[in-house]
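Please look over the chain below. A short briefing follows, grouped by topic.

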Amino acid sequence: MHLKLVESDRQTYLPGLGMSLDNLGYNLGEAKRHSDAVVIYEEAIKIRRELVERDPQTHLPGLGLMLNHLGYNLGEAKRRSDAIVILEEAIKIRRELVEINREIHLPDLGNSLHRLGYDLQKAGRFSDAVTITEEAVTIFRKLVERDRQTYLSGLYHSLHNLGIGLRGAKRHSEATGILEEAIKISRELVERDRQTYLPGLAISLCNLGYTLGEAKRHNDAVVIYEEVIKINRELVERDRQTYLPGLALSVINLGYTLREAKRHNDAVVIFEEVIKINRELVERDRQTYLPGLALSVINLGYTLREAKRHNDAVVIFEEVIKINRELVERDRQTYLPGLRDSLYNLGYTLGEAKRHNDAVVIYEEVIKINRELVERDRQTYLLGLGDSLYSLGCNLENVARFDDAVAIAKEAVAILRELVERDHQTYLPILGNSLHNLGRNLEKAGRFDDAVVMYEEVIKICRELIERDRETYLPNLGNLLHRLGYDLAKAGRFGDAVAITKEAVTVRRELAQKDPAKHLSQLTLSLDNLAVHLRLQSGSTQ
């Protein structure tokens, strides 16, 4: 109808068409049909721009509003970059309007800044998000002075977002202070209207707990998560269908934090509770909640393993593998890395339980998956392949399959050499470990000449790492020199063995002077080896 009227008299009826499109876009957004809302708002904005050309005084506020609505729906449709551009235009218009009438338009500017800060944060641009959200907070503080009843909620939301942005920017102390202020305001809002504002208090407390955890303040985070859980239990009593997933999230966060605080027994109890909740959610909607069940089960497995309850952990990891196989059947692209991780953890746990033959079987499947992932994305998954090869090699060594371990270790070393080419700083220590592992297996396979070559390369790497961090890597150099001396002697190179072992003694003397309790026994071993090598050198000369 509006289209026909506009065709008959554009001057008169175009504003009505723009208003109708705005209402339709709003209703689509409320129905979570954000992509459809975007299409409608784009048409509405085209009309508003025409109206602004005709009468800026009347229609510029409406253009600012439409742009804000479009930016919101673009953001909710995960089109962050587009949302940011649109919101920046809305803010430009609203700054102009604030210059004309501060009283009327300042709240709108605050809202647009708040939303832009949110989308910048979601786009990973935390420093930019902090700058924008700080301006929103400043505006809402002024508005609260004017009318606390109306604008306190806006100040709360902006402080909450600022806290999250600061956390994303790794400014944890500042984030903690801001989130504590947001929580104080949220408690006031809950006193005013518990029904409406209690869920927001739970979310802010959860974010504070997360921030404290990232700052390694795990005991403080535990206290916060316990309050979150108490609130979420109340919300579940009110509406189990809506709030049970939130309770599951807060319980699993408490479990993480207890584990980080080394309270493994308490963490086990908590993870068992979240698994029970997730099983209920899976009964309700298997498609949606099965990944969450997998996450809670695998975390129980981690915790049991860290508590040295390896047999219990094995049972749990076997369950999560079964779940992840089902998820892979559903969507191989998305869930194959998760299956790989759960298998890896089972292999690691079997190794810790001295079940090395079983671990070998599991790691062989992990490697098969990692090869597939590397074919998909070499940049992302190559390190994982190298790591799983290293772990398989260690378990093969533990069951005395030294020749097989050598073959696997050689492939791991080849991968690490490629990674070192990509990033020398990061991967050089890992290459050193892989070469050390290869040298050790060559030695156990009786291939002492080959082991010598490996240890010589590892020592060269270790000398470079000592230049970077002497305190960390000097003990490694002492160990490597000691092993190289041993292998040189086994290869009949007694003179070289003496020279290398003398250097090992020098290094270990330095370490023993700093920390006798830790290093004196190692110095004694090197001195004993030096005596043997000198005797063998003397005998070979005679």
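Leaving aside neighbours within four places in sequence, which residues is A445 in contact with? A445 is in contact with F402 and D403, where contact means heavy atoms within 4.5 Å.

This is a predicted model, in which local features need pLDDT of at least 70, side-chain atom pairs count only at pLDDT 80 or more, and totals for chains, interfaces and linings use all residues. Residues are numbered from 1 along each chain as its sequence is written, and side-chain values use heavy atoms, with hydrogens and water left out.

**Overall form**

- The chain has 24 helices and 0 strands. Helices (H or I, at least four residues) and strands (E, at least two) are DSSP runs, numbered from the N terminus.
- The radius of gyration of the chain is 32 Å, whereas a compact globule of 542 residues would have one near 24 Å. The radius is taken over C-alpha atoms, and the globule rule is 2.2 Å times the number of residues to the power 0.38.
- The C-alpha trace spans about 115 × 45 × 45 Å along its principal axes.
- Among contacts between residues at least 6 apart in sequence, 57% join residues at least 24 apart.

**Surface and charge**

- Of the 542 residues, 49% count as buried. Buried means under 20% relative accessible area, exposed over 50%, and partly exposed in between (1.4 Å probe, protein chains only).
- The chain exposes about 26800 Å², and carbon and sulfur atoms supply 49% of that area. Areas come from the Shrake-Rupley method with a 1.4 Å probe; for residues, only the protein chains shown count as cover.
- There are 76 positive and 82 negative charges, and their mean positions lie 3 Å apart. Lys and Arg count as positive and Asp and Glu as negative; His and the chain ends are not counted. Each charge is placed at NZ of Lys, CZ of Arg, CG of Asp or CD of Glu.

- Helix α12 covers residues 240-260, and its 21 residues should span 30 Å at 1.5 Å a residue. Its end C-alpha atoms are 30 Å apart, which agrees. The expected span is 1.5 Å times one less than the number of residues.
- Buried residues of α12 include L244, L247, V251, L254 and L258. Their cover includes α10 (194-214), α11 (218-238), α13 (264-284) and α14 (286-306).
- Among the buried residues of α11 are H218, V222, Y225, I229 and N232. The buried residues of α11 pack against α10 and α12.

**R259**

- R259 is found in α12. R259 counts as buried because its relative accessibility is 10%.
- Beyond residues up to four places away in sequence, R259 touches H264, A267, F271, N299, Y302, T303 and E306.

**Loop residues**

- K78 sits in the loop between α4 (56-76) and α5 (80-100). Its phi is near 70°, a positive value in a residue other than glycine. K78 is exposed, with a relative accessible area of 63%.
- K216 sits in the loop between α10 and α11. Its phi is near 65°, again positive in a residue other than glycine. K216 counts as exposed at 62% relative accessibility.
- A445 is found in the loop between α20 (424-444) and α21 (448-468). At 28% relative accessibility, A445 counts as partly exposed.
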